[in-house]
Amino acid sequence: MSTATTPAPAPTAVTTAPEPRGARLLRWWPAGVLVLLAVAPYSALPVPGLLDGPVGSPGSLQLLATCLLFGALATGYDLLLGRTGLLSFGHALYFAAGSYATNMFLLEAGLPFALAAVLGLCFGIALAVVLGSVSLRVTGIGFSMVTLAFAQAGSILVSRNPGGLTGGEEGRAAPAELLPSWLVGIGNTANLYWIALAYLVLTLAVVRWAVRSPTGRVWEGIKENERRVEVLGLKPYGFKLTAFVLAGALAAVGGLVHLLLTGGSTPQTTTSDFTLSLLVMVVLGGSGTRWGPMVGGILYTWADHRLGDLAGSGAVAGLPAVLRVPLSQPLFLLGVLFVAVVHLLPGGLARLPSRLRRSREEKR
(Lines give C-alpha, C1' and ligand atoms only; values in the text may rest on other atoms or scores of the structure.)
Protein backbone atom coordinates (compact mmCIF):
# COMPACT_ATOMS: atom_id res chain seq x y z
CA MET A 1 0.00 0.00 0.00
CA SER A 2 1.49 3.27 -1.09
CA THR A 3 0.85 6.51 0.65
CA ALA A 4 0.80 9.76 -1.24
CA THR A 5 3.01 12.40 0.18
CA THR A 6 2.17 16.02 -0.14
CA PRO A 7 5.18 17.96 -1.33
CA ALA A 8 6.33 20.56 1.16
CA PRO A 9 5.77 24.09 0.03
CA ALA A 10 8.78 25.75 -1.37
CA PRO A 11 10.34 28.20 1.04
CA THR A 12 9.50 31.75 0.23
CA ALA A 13 12.33 34.17 -0.04
CA VAL A 14 12.20 36.91 2.50
CA THR A 15 12.75 40.17 0.77
CA THR A 16 13.36 43.39 2.54
CA ALA A 17 12.55 46.69 1.02
CA PRO A 18 15.66 48.57 0.01
CA GLU A 19 16.56 51.34 2.36
CA PRO A 20 15.65 54.73 0.92
CA ARG A 21 18.57 56.67 -0.41
CA GLY A 22 17.74 59.59 1.84
CA ALA A 23 17.93 57.35 4.90
CA ARG A 24 21.36 56.08 3.84
CA LEU A 25 22.63 59.61 3.36
CA LEU A 26 21.19 60.63 6.72
CA ARG A 27 23.55 58.21 8.43
CA TRP A 28 26.46 60.37 7.33
CA TRP A 29 25.23 63.59 8.91
CA PRO A 30 27.86 63.50 11.70
CA ALA A 31 30.62 63.48 9.08
CA GLY A 32 28.98 66.39 7.30
CA VAL A 33 28.69 68.39 10.52
CA LEU A 34 32.33 67.62 11.34
CA VAL A 35 33.46 68.92 7.96
CA LEU A 36 31.45 72.11 8.41
CA LEU A 37 32.93 72.64 11.86
CA ALA A 38 36.44 71.99 10.57
CA VAL A 39 36.17 74.65 7.84
CA ALA A 40 34.35 77.20 10.04
CA PRO A 41 37.50 79.33 10.60
CA TYR A 42 37.64 79.99 6.85
CA SER A 43 34.06 81.27 6.72
CA ALA A 44 33.09 84.94 6.66
CA LEU A 45 29.38 84.13 6.85
CA PRO A 46 27.53 86.37 9.31
CA VAL A 47 25.01 84.71 11.63
CA PRO A 48 22.97 87.54 13.18
CA GLY A 49 21.55 86.73 16.59
CA LEU A 50 23.68 83.62 17.05
CA LEU A 51 27.15 85.18 16.86
CA ASP A 52 28.43 88.73 17.22
CA GLY A 53 30.41 88.63 14.01
CA PRO A 54 31.25 86.40 11.06
CA VAL A 55 31.78 82.73 11.83
CA GLY A 56 35.53 82.94 11.20
CA SER A 57 36.13 86.03 13.33
CA PRO A 58 38.24 85.55 16.50
CA GLY A 59 35.35 86.39 18.85
CA SER A 60 32.99 83.93 17.18
CA LEU A 61 35.63 81.19 17.06
CA GLN A 62 36.35 81.71 20.75
CA LEU A 63 32.66 81.23 21.60
CA LEU A 64 32.33 78.23 19.29
CA ALA A 65 35.46 76.64 20.77
CA THR A 66 34.08 77.10 24.28
CA CYS A 67 30.79 75.50 23.22
CA LEU A 68 32.62 72.51 21.73
CA LEU A 69 34.74 72.18 24.86
CA PHE A 70 31.73 71.98 27.16
CA GLY A 71 29.85 69.74 24.75
CA ALA A 72 32.73 67.28 25.07
CA LEU A 73 32.95 67.73 28.84
CA ALA A 74 29.23 66.99 29.27
CA THR A 75 29.63 63.89 27.08
CA GLY A 76 32.41 62.60 29.32
CA TYR A 77 30.41 63.35 32.46
CA ASP A 78 27.52 61.32 31.07
CA LEU A 79 29.71 58.22 31.35
CA LEU A 80 28.95 58.46 35.05
CA LEU A 81 25.41 59.78 35.11
CA GLY A 82 23.77 58.36 32.02
CA ARG A 83 25.79 55.20 31.42
CA THR A 84 26.62 53.93 34.92
CA GLY A 85 24.01 55.69 37.05
CA LEU A 86 26.55 57.51 39.24
CA LEU A 87 25.55 61.02 40.30
CA SER A 88 28.83 62.78 41.03
CA PHE A 89 28.99 66.33 42.36
CA GLY A 90 32.77 66.50 42.14
CA HIS A 91 33.53 66.10 38.45
CA ALA A 92 34.79 69.69 38.23
CA LEU A 93 37.71 68.68 40.44
CA TYR A 94 39.39 66.66 37.67
CA PHE A 95 38.75 69.36 35.08
CA ALA A 96 40.44 71.88 37.38
CA ALA A 97 43.24 69.42 38.16
CA GLY A 98 44.19 69.17 34.49
CA SER A 99 44.28 72.96 34.18
CA TYR A 100 46.00 73.87 37.46
CA ALA A 101 48.52 71.04 37.42
CA THR A 102 49.64 71.81 33.87
CA ASN A 103 49.89 75.51 34.69
CA MET A 104 51.93 74.86 37.83
CA PHE A 105 54.34 72.58 35.99
CA LEU A 106 54.83 75.41 33.50
CA LEU A 107 55.15 78.23 36.05
CA GLU A 108 56.96 76.56 38.92
CA ALA A 109 59.10 73.94 37.17
CA GLY A 110 59.55 75.77 33.86
CA LEU A 111 58.91 72.54 31.95
CA PRO A 112 58.20 72.50 28.21
CA PHE A 113 54.51 72.65 27.38
CA ALA A 114 54.27 69.10 26.03
CA LEU A 115 55.86 67.59 29.14
CA ALA A 116 53.81 69.80 31.46
CA ALA A 117 50.60 68.76 29.65
CA VAL A 118 51.43 65.05 30.01
CA LEU A 119 52.25 65.44 33.69
CA GLY A 120 49.09 67.50 34.26
CA LEU A 121 47.01 64.78 32.63
CA CYS A 122 48.71 62.10 34.72
CA PHE A 123 48.00 64.11 37.86
CA GLY A 124 44.32 64.37 36.95
CA ILE A 125 44.10 60.63 36.31
CA ALA A 126 45.93 59.79 39.55
CA LEU A 127 43.57 62.07 41.48
CA ALA A 128 40.56 60.33 39.90
CA VAL A 129 41.97 56.92 40.85
CA VAL A 130 42.58 57.89 44.49
CA LEU A 131 39.34 59.81 45.11
CA GLY A 132 37.27 57.38 43.06
CA SER A 133 38.59 54.46 45.09
CA VAL A 134 37.35 56.15 48.25
CA SER A 135 34.08 57.59 46.90
CA LEU A 136 32.88 54.31 45.39
CA ARG A 137 33.06 52.53 48.75
CA VAL A 138 29.56 53.91 49.29
CA THR A 139 26.60 53.95 46.93
CA GLY A 140 23.59 56.09 46.13
CA ILE A 141 23.29 59.46 47.82
CA GLY A 142 26.30 58.62 49.98
CA PHE A 143 28.50 58.52 46.88
CA SER A 144 27.14 61.89 45.75
CA MET A 145 27.84 63.46 49.15
CA VAL A 146 31.40 62.11 49.28
CA THR A 147 32.20 63.49 45.82
CA LEU A 148 30.67 66.82 46.88
CA ALA A 149 32.88 66.87 49.98
CA PHE A 150 36.01 66.26 47.89
CA ALA A 151 34.98 68.99 45.45
CA GLN A 152 34.42 71.47 48.28
CA ALA A 153 37.79 70.60 49.79
CA GLY A 154 39.48 71.15 46.43
CA SER A 155 37.73 74.47 45.94
CA ILE A 156 38.75 75.68 49.40
CA LEU A 157 42.34 74.57 48.80
CA VAL A 158 42.53 76.54 45.56
CA SER A 159 41.00 79.66 47.11
CA ARG A 160 43.47 79.56 50.04
CA ASN A 161 46.36 79.79 47.55
CA PRO A 162 48.83 77.54 49.41
CA GLY A 163 52.38 78.64 48.72
CA GLY A 164 51.14 81.02 46.05
CA LEU A 165 50.63 78.06 43.70
CA THR A 166 46.99 78.58 42.70
CA GLY A 167 46.61 82.35 42.69
CA GLY A 168 43.61 82.25 45.01
CA GLU A 169 40.48 84.00 43.81
CA GLU A 170 42.38 85.61 40.93
CA GLY A 171 43.59 82.36 39.42
CA ARG A 172 46.86 82.12 37.52
CA ALA A 173 47.61 83.17 33.97
CA ALA A 174 49.45 80.73 31.74
CA PRO A 175 52.99 81.86 30.83
CA ALA A 176 52.78 82.86 27.18
CA GLU A 177 56.55 82.55 26.74
CA LEU A 178 56.39 78.84 27.62
CA LEU A 179 53.49 78.02 25.31
CA PRO A 180 53.96 77.17 21.62
CA SER A 181 53.82 80.34 19.54
CA TRP A 182 51.02 78.94 17.39
CA LEU A 183 48.77 78.81 20.46
CA VAL A 184 49.32 82.38 21.66
CA GLY A 185 47.64 85.53 20.42
CA ILE A 186 44.33 86.49 18.89
CA GLY A 187 45.67 85.63 15.44
CA ASN A 188 45.90 81.97 16.46
CA THR A 189 42.33 81.63 17.71
CA ALA A 190 41.59 79.25 14.82
CA ASN A 191 44.26 76.84 16.12
CA LEU A 192 42.66 76.83 19.56
CA TYR A 193 39.28 76.24 17.93
CA TRP A 194 40.63 73.19 16.10
CA ILE A 195 42.09 71.86 19.36
CA ALA A 196 38.65 72.16 20.99
CA LEU A 197 37.10 70.39 18.01
CA ALA A 198 39.70 67.61 18.24
CA TYR A 199 38.90 67.23 21.94
CA LEU A 200 35.21 66.85 21.13
CA VAL A 201 35.90 64.21 18.47
CA LEU A 202 38.26 62.35 20.82
CA THR A 203 35.69 62.34 23.63
CA LEU A 204 32.88 61.14 21.38
CA ALA A 205 35.08 58.36 20.00
CA VAL A 206 36.27 57.20 23.43
CA VAL A 207 32.77 57.26 24.90
CA ARG A 208 31.36 55.43 21.89
CA TRP A 209 34.05 52.75 22.10
CA ALA A 210 33.69 52.37 25.86
CA VAL A 211 29.89 52.10 25.81
CA ARG A 212 29.92 49.43 23.11
CA SER A 213 32.62 47.38 24.83
CA PRO A 214 31.87 44.49 27.22
CA THR A 215 32.64 46.84 30.10
CA GLY A 216 30.05 49.26 28.77
CA ARG A 217 27.42 46.54 28.84
CA VAL A 218 28.25 45.91 32.48
CA TRP A 219 27.86 49.64 33.15
CA GLU A 220 24.39 49.43 31.67
CA GLY A 221 23.59 46.50 33.95
CA ILE A 222 24.88 48.40 36.99
CA LYS A 223 22.67 51.33 36.13
CA GLU A 224 19.61 49.11 35.79
CA ASN A 225 20.20 46.80 38.76
CA GLU A 226 23.55 46.61 40.51
CA ARG A 227 22.49 43.67 42.69
CA ARG A 228 21.71 41.60 39.61
CA VAL A 229 25.25 42.22 38.34
CA GLU A 230 26.60 40.90 41.62
CA VAL A 231 24.44 37.79 41.33
CA LEU A 232 26.02 37.11 37.94
CA GLY A 233 29.39 36.89 39.64
CA LEU A 234 30.75 40.30 38.64
CA LYS A 235 32.11 42.89 41.03
CA PRO A 236 30.53 46.28 40.26
CA TYR A 237 33.19 48.21 42.18
CA GLY A 238 35.92 47.67 39.60
CA PHE A 239 33.65 48.51 36.69
CA LYS A 240 32.40 51.68 38.39
CA LEU A 241 35.97 52.73 39.16
CA THR A 242 36.86 52.25 35.50
CA ALA A 243 34.03 54.57 34.45
CA PHE A 244 35.02 57.08 37.13
CA VAL A 245 38.68 57.18 36.08
CA LEU A 246 37.88 57.33 32.36
CA ALA A 247 35.47 60.22 32.89
CA GLY A 248 38.05 61.93 35.12
CA ALA A 249 40.76 61.50 32.47
CA LEU A 250 38.54 63.07 29.79
CA ALA A 251 37.77 65.93 32.18
CA ALA A 252 41.50 66.49 32.83
CA VAL A 253 42.11 66.76 29.08
CA GLY A 254 39.26 69.27 28.96
CA GLY A 255 40.95 71.30 31.71
CA LEU A 256 44.10 71.45 29.60
CA VAL A 257 42.09 72.69 26.59
CA HIS A 258 40.34 75.25 28.80
CA LEU A 259 43.73 76.49 30.02
CA LEU A 260 44.72 77.20 26.42
CA LEU A 261 41.39 78.79 25.48
CA THR A 262 41.21 81.16 28.44
CA GLY A 263 44.93 81.72 28.92
CA GLY A 264 44.91 80.67 32.56
CA SER A 265 43.40 78.64 35.39
CA THR A 266 40.32 80.04 37.14
CA PRO A 267 38.96 79.03 40.58
CA GLN A 268 35.38 78.94 39.20
CA THR A 269 36.22 75.61 37.58
CA THR A 270 36.80 74.01 40.99
CA THR A 271 33.37 74.66 42.47
CA SER A 272 30.46 72.26 42.80
CA ASP A 273 28.38 74.82 40.86
CA PHE A 274 30.54 73.97 37.86
CA THR A 275 29.57 70.31 38.17
CA LEU A 276 25.92 71.27 38.59
CA SER A 277 26.19 73.11 35.28
CA LEU A 278 27.41 69.86 33.69
CA LEU A 279 24.45 68.07 35.22
CA VAL A 280 22.07 70.62 33.69
CA MET A 281 23.78 70.22 30.30
CA VAL A 282 23.36 66.44 30.36
CA VAL A 283 19.71 66.56 31.44
CA LEU A 284 18.98 69.30 28.91
CA GLY A 285 20.41 67.29 26.04
CA GLY A 286 19.33 63.83 27.14
CA SER A 287 21.15 61.63 29.63
CA GLY A 288 22.33 58.25 28.35
CA THR A 289 22.02 59.16 24.66
CA ARG A 290 24.75 59.32 22.05
CA TRP A 291 24.47 62.97 21.05
CA GLY A 292 22.29 64.45 23.79
CA PRO A 293 24.97 65.50 26.32
CA MET A 294 27.00 67.13 23.54
CA VAL A 295 24.00 69.07 22.26
CA GLY A 296 23.04 70.08 25.78
CA GLY A 297 26.58 71.28 26.55
CA ILE A 298 26.80 73.32 23.37
CA LEU A 299 23.35 74.87 23.77
CA TYR A 300 23.81 75.68 27.46
CA THR A 301 27.22 77.29 26.90
CA TRP A 302 25.99 79.34 23.96
CA ALA A 303 22.92 80.47 25.90
CA ASP A 304 25.03 81.33 28.94
CA HIS A 305 27.12 83.71 26.83
CA ARG A 306 24.49 85.12 24.50
CA LEU A 307 21.69 85.56 27.02
CA GLY A 308 24.02 87.74 29.06
CA ASP A 309 24.31 90.06 26.06
CA LEU A 310 20.55 89.99 25.59
CA ALA A 311 19.94 90.84 29.25
CA GLY A 312 22.08 93.97 28.95
CA SER A 313 20.75 95.07 25.57
CA GLY A 314 18.78 98.23 24.92
CA ALA A 315 15.76 96.21 23.82
CA VAL A 316 15.38 94.74 27.30
CA ALA A 317 16.17 98.06 28.99
CA GLY A 318 13.20 99.67 27.24
CA LEU A 319 10.66 97.12 28.48
CA PRO A 320 8.29 97.70 31.40
CA ALA A 321 9.69 96.85 34.80
CA VAL A 322 7.58 93.71 35.13
CA LEU A 323 9.43 92.27 32.11
CA ARG A 324 12.74 94.13 32.34
CA VAL A 325 13.68 92.86 35.80
CA PRO A 326 13.43 89.09 35.10
CA LEU A 327 14.74 89.35 31.54
CA SER A 328 17.81 91.26 32.72
CA GLN A 329 18.90 88.19 34.71
CA PRO A 330 20.70 85.61 32.51
CA LEU A 331 20.27 82.87 35.12
CA PHE A 332 16.52 83.44 35.07
CA LEU A 333 16.46 83.01 31.30
CA LEU A 334 18.56 79.85 31.53
CA GLY A 335 16.28 78.50 34.23
CA VAL A 336 13.18 79.12 32.13
CA LEU A 337 14.83 77.38 29.17
CA PHE A 338 15.77 74.38 31.31
CA VAL A 339 12.32 74.05 32.89
CA ALA A 340 10.63 74.34 29.49
CA VAL A 341 12.78 71.60 27.96
CA VAL A 342 12.37 69.25 30.94
CA HIS A 343 8.60 69.77 30.98
CA LEU A 344 7.94 69.69 27.24
CA LEU A 345 10.64 67.18 26.23
CA PRO A 346 11.06 64.44 28.85
CA GLY A 347 14.34 62.74 28.11
CA GLY A 348 15.97 65.87 26.72
CA LEU A 349 16.51 67.35 23.29
CA ALA A 350 17.88 64.05 21.96
CA ARG A 351 14.38 62.55 22.21
CA LEU A 352 12.86 65.25 20.00
CA PRO A 353 13.35 63.45 16.62
CA SER A 354 11.72 60.23 17.88
CA ARG A 355 8.83 62.18 19.38
CA LEU A 356 8.28 63.97 16.07
CA ARG A 357 8.32 60.67 14.16
CA ARG A 358 5.86 59.17 16.62
CA SER A 359 3.61 62.19 16.27
CA ARG A 360 3.61 61.90 12.47
CA GLU A 361 2.79 58.18 12.66
CA GLU A 362 -0.11 58.82 15.00
CA LYS A 363 -1.53 61.43 12.63
CA ARG A 364 -1.38 58.93 9.77
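**V146**

I looked up the contacts of V146 and found that V146 touches S135 and V138, leaving out residues up to four places away in sequence. Contact here means heavy atoms within 4.5 Å. This is a predicted model, where local features need pLDDT of at least 70, side-chain atom pairs count only at pLDDT 80 or more, and totals for chains, interfaces and linings use all residues. Residues are numbered from 1 along each chain as its sequence is written, and side-chain values use heavy atoms, with hydrogens and water left out.

I placed V146 in helix α6. Helices (H or I, at least four residues) and strands (E, at least two) are DSSP runs, numbered from the N terminus. Buried or partly exposed? V146 is partly exposed, at a relative accessible area of 25%. The cut-offs are under 20% relative accessible area for buried, over 50% for exposed, and partly exposed in between (1.4 Å probe, protein chains only). I also checked F89, which lies 57 residues from V146 along the chain. Their C-alpha atoms are separated by 8.5 Å.

I moved on to the loop between α6 (141–160) and β1 (172–173), where N161 sits. N161 is not a glycine, yet has a positive phi of about 55°. N161 counts as partly exposed because its relative accessibility is 26%.

G167 belongs to the loop between α6 and β1. G167 is partly exposed, with a relative accessible area of 22%. Setting aside neighbours within four places in sequence, I found G167 in contact with N161 and R172. I then took G167 with P267: 100 residues apart in sequence, 8.6 Å apart in space, C-alpha to C-alpha.

Next came helix packing. Two packed helices are described by the angle between their axes and the distance between the axes. Axes are lines fitted to C-alpha atoms, for helices over the stretch in contact, and angles run from 0 to 180 degrees between N-to-C directions.

For α4 (residues 92–107) and α5 (residues 113–135) I noted an angle of about 145° and axes 8 Å apart. The crossing of α4 and α5 is right-handed. A crossing is right-handed if the near helix is turned clockwise from the far one by less than a right angle, and left-handed if anticlockwise. I listed the α4 side, which includes L93, Y94, A97 and F105. Among the α5 residues they meet are F113, F123, L127 and L131. The contact of α4 with α5 divides into 14 nonpolar, 4 polar and no charged residues. Ala, Val, Leu, Ile, Met, Phe, Trp, Tyr, Cys and Pro count as nonpolar, Asp, Glu, Lys and Arg as charged, and the others, Gly among them, as polar.

**α2 and α7**

I did the α2 (residues 29–38) and α7 (residues 189–212) pair too: the angle is about 160° and the axes are 10 Å apart. That makes α2 roughly antiparallel to α7, a label for angles over 145 degrees. The crossing of α2 and α7 is left-handed. L34, L37 and A38 in α2 meet Y193, W194, L197 and V201 in α7. I sorted the residues of this contact: 7 nonpolar, no polar and no charged.

**Whole protein**

Last, the totals. I have 15 helices and 2 strands in the protein. Of its 364 residues, 40% count as buried. The accessible surface comes to about 19,400 Å², and 66% of that belongs to carbon and sulfur atoms. Accessible areas come from the Shrake-Rupley method with a 1.4 Å probe; for residues, only the protein chains shown count as cover.

Methods. Parallel < 35°, antiparallel > 145°, perpendicular 65-115°, else oblique.
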